[in-house]
Amino acid sequence: MWAATCLASCCASCACDACRTVVSGISRRSARIAYCGLFAFSLVVAWILREVAAPLMESIPWINHFKQTPSREWFETDAVLRVSLGNFLFFTILAILMIGVKTQKDPRDSMHHGGWMMKIICWCLLVIFMFFLPNEIISFYETISKFGSGMFLLVQVVLLLDFVHGWNDKWVGFDEQF
């Protein structure tokens with residue numbers, strides 16, 4: 001028993017050191033990649049929960065409080081929506097904290113590029129906390145997110161068209177020089 005405890009402690013220590021090393025290696029230039037990595041990790045978590053969380057969520061009384069238990073698909077969708085709401089809140093909080101930051105000399109800029117271990121812990125806590133919210137909040141978020149995602153895609157198309165138009169003007173200018 002002592003050996004197993006010692007081995008578990010050693011493994012936990014190695015895992016913590018590995019996480020700390022990875023997180024401390026994120027520099028100013030790689031912060032964007034780290035945010036993308038965190039978002040990609042959240043997609044993997046949502047995918048895994050979609051596949052395995054339905055039986056677990058059926059046994060949680062504040063999620064499954066219906067007279068007739070919904071289908072497995074409802075629980076799968078609900079798990080993904082809860083991870084999505086956690087992501088939305090996490091990135092919205094970070095965006096609100098960064099409003100008005102114009103230069104890298106601003107003290108809040110270091111919060112944007114640093115503190116990764118705390119950000120990951122906060123992200124995990126937000127996603128876990130979403131599983132304690134009542135179904136009504138998740139249903140409201142589902143309705144709002146349908147319209148929000150449409151608006152997001154519309155803004156992305158406008159930005160893409162603006163980029164392509166500017167790029168075209170630049171290349172036409174190069175062609176006219178010769």
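Reader: Let's start with helix H2. Which of its residues are buried?

Author: This is a predicted model, and in it the buried residues of H2 are Ala31, Ala34, Tyr35, Leu38, Ser42, Val45, Ala46, Leu49, Ala53, Ala54 and Met57.

Reader: How do you know what span to expect for H2, residues 31-58?

Author: You take 1.5 Å times one less than the number of residues. H2 has 28 residues, and the expected span is 40 Å. From its first C-alpha to its last, H2 reaches 38 Å, which is close to that.

Reader: Where does H2 bend?

Author: At Val52, by about 60 degrees. A proline, Pro55, follows within four residues.

Reader: Why is Asp78 called buried?

Author: Its relative accessibility is 4%, and the cut-off for buried is under 20%, so Asp78 counts as buried. Asp78 sits in helix H3, and its side chain makes a polar contact with the side chain of Arg82, at 2.6 Å. What makes that a polar contact is the distance limit of 3.5 Å, plus one atom able to donate a hydrogen and the other able to accept it.

Reader: What about Cys124, then: why is it called partly exposed?

Author: Cys124 comes in at 30% relative accessibility. Buried would need under 20% and exposed would need over 50%, so Cys124 falls in between and counts as partly exposed.

Reader: How do you know that Cys124 and Cys122 are too far apart for a bond?

Author: Two cysteine sulfur atoms have to be within 2.5 Å to count as a disulfide. The closest cysteine sulfur to that of Cys124 is in Cys122, 9.4 Å away, so that's too far for a bond. For the protein, the count comes to 0 disulfides.

Definitions and conventions:
Residues numbered from 1 in each chain as written. Predicted model: local features only at pLDDT ≥ 70, side-chain atom pairs only at ≥ 80, totals over all residues. Heavy atoms only, no water. Helix = DSSP H or I, 4+ residues; strand = E, 2+ residues; numbered from the N terminus. Bend = angle between axes of the 7 residues up to and from the residue. Buried < 20%, exposed > 50% of the residue type's maximum accessible area, 1.4 Å probe, protein only.
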